[in-house]
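Please keep the structure at hand while reading.

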Amino acid sequence: MGVEIRLIEQDDQDVARWWEARSIGYLGPPTAGAHDVAYMHEILDFARTWGAFEDGRCVMSYRSFDHEVTAPGGALVPSSAVSAVTVSPTHRRRGLLTRMIEPDLRRAKDAGMPMASLIAAEYPIYGRYGFGPAAWLTDFRVDTLRAMRHGAPPGPEDGGRTVLVDAERVRKEGPQLHERLRRQHHGFVTRPEGWWRKLTGDYRPSGTTWQEPYYVLHLAADGSVDGLAAYTAVEAWKDGMADGDLHVRDLLAATPAAERSLWHYLCSVDWVTRVHAPSRAPDDLLPLLVGDARAAVTTACTDHLWLRPLDVPAMLTARAYPAAGRLVLDVRDEAGLAQGRFLLEAGPDGASCAPTPLGADLTVPVSALGSLYLGDESAVRLAALGRLDEERPGAAAAADTLLRASRRAWCPDIF
Ligand SMILES: CC(C)(COP(=O)(O)OP(=O)(O)OC[C@H]1O[C@@H](n2cnc3c(N)ncnc32)[C@H](O)[C@@H]1OP(=O)(O)O)[C@@H](O)C(=O)NCCC(=O)NCCS
């Protein structure tokens, strides 16, 4: 009997089978708990959640849903998010992912989505489908004794203060803070309610260990919430001295003063000698906020958010541009979804983008355009790698002047 790809049914048995396939792919427990099934009923869009079934067992999970990605300048750009992609070890490398993702991208294109987005588990998987890495993440480990040995360096102050709060307050204040923040940071994506439920232990997926975090808010002088940190800590002693590790689960700050205050708080917790801060922006202020920048060691820097253009004019006119300029892009797309030659005329006051018969400045594979979109990748760098072609000398540098952003793109979430 062949493998049947179909939408999953809105019943407990189908949902449990789908959850189990996803969990096996992610090396989680092979059996779903009733609470996992209940949670899936709440978050899944059953019109866009597929499984591959053979002999009654689900051997592939896949879903997509609409969300928004923040573009440079703060516009919230609709995107088809691809998620929960797994193929069981029994069925890997038989083309199941390809059979699933290609029609879904076509569907998203037909539905008018400007682009698709995903978090890639491994670098080599998604380039073939037209995705390019658009935002990277950095993990830091801070040696707190070294970081704060000479005290905190001067920096922005807003007369605010930090307060410890409970999970309920985080579920109330966190979404509002995130809504404010995602309009400031290109690369941010819509954060669903489930994200806050997981952070605060309201949903604990089977197979995960739970340690209740400490939650701290930063309140500005007027009492409004402008920062939030969630962290856990592990007590440890070495040679009679405290030697604890603190793990940052989330840190959001709407102002530099709140950001500085929260990092100083975390790097000054008594009994802690190391702060582990994963999933930060590659240009996070953290190293420069402490007294010794070398005390914040980068332990990993990896691609994270990948984008796949589907409608080039819609995408390019949604973002802001720091300088005025024009660029003719010949976009190549083997899947035939976003190809064409487009004239982009852009400046600080807005942009237009439309098909054109003019000669191209750059020939760009669709995945490279995905990488350039958030201003985080350099066209000059991609030209040097042979991943795009300059049709006019200097066109890659001119593209960078138009497209690059002054801060790095940052997507702290996994979706
Ligand atoms: C990643 C995964 C979904 C791929 O599914 P699959 O059905 O085996 O993929 P396909 O057979 O459709 O592969 C299509 C192509 O991609 C390649 N490919 C797939 N996964 C790859 C990987 N992890 N690394 C490198 N290449 C990969 C295949 O070799 C194949 O190449 P080819 O066309 O040149 O032969 C599956 O391996 C998996 O579930 N992995 C564990 C969970 C995971 O990482 N999920 C992704 C979350 S973002």
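## Ligand contacts

In this predicted model, an oxygen atom of the ligand lies 2.7 Å from a polar backbone atom of Gly95, and an oxygen atom of the ligand is also 2.6 Å from a polar backbone atom of Arg93. A side chain takes part as well: a polar atom in that of Glu122 is 3.3 Å from a nitrogen atom of the ligand. The protein buries 72% of the 890 Å² that the ligand exposes when taken alone.

## The shell around the ligand

Two elements, β4 (76-87) and α3 (96-110), are those that give two or more residues to the shell around the ligand. In total 19 residues surround the ligand, and the closest are Val85, Val87, Arg93, Gly95 and Arg128. Sorted by class, the shell holds 10 nonpolar, 4 polar and 5 charged residues.

## Annotated domain

According to an unreviewed UniProt entry, the annotation "domain: N-acetyltransferase" covers residues 3-153. Over residues 3-153 the chain is 28% helix and 35% strand, with the end C-alpha atoms 61 Å apart.

## Cysteines

A disulfide is a covalent bond between the sulfur atoms of two cysteines. With a cut-off of 2.5 Å between cysteine sulfur atoms, the count comes to 0 disulfides. Cys301 is accordingly in no disulfide, and the nearest cysteine sulfur, which belongs to Cys411, is 14 Å away.

Cys301 has a relative accessible area of 42% and is therefore partly exposed, whereas Cys58 counts as buried because its relative accessibility is 3%, the limit for buried being under 20%.

Definitions and conventions:
Residues numbered from 1 in each chain as written. Predicted model: local features only at pLDDT ≥ 70, side-chain atom pairs only at ≥ 80, totals over all residues. Heavy atoms only, no water. Near = heavy atom within 4 Å. Polar contact = N/O pair within 3.5 Å; in protein donor to acceptor, adjacent residues only side chain to side chain. Areas by Shrake-Rupley, 256 points an atom, 1.4 Å probe, with all protein chains shown as cover. Helix = DSSP H or I, 4+ residues; strand = E, 2+ residues; numbered from the N terminus. Nonpolar A, V, L, I, M, F, W, Y, C, P; charged D, E, K, R; others polar. UniProt positions renumbered as here; feature names shortened; annotations may be inferred. Buried < 20%, exposed > 50% of the residue type's maximum accessible area, 1.4 Å probe, protein only.
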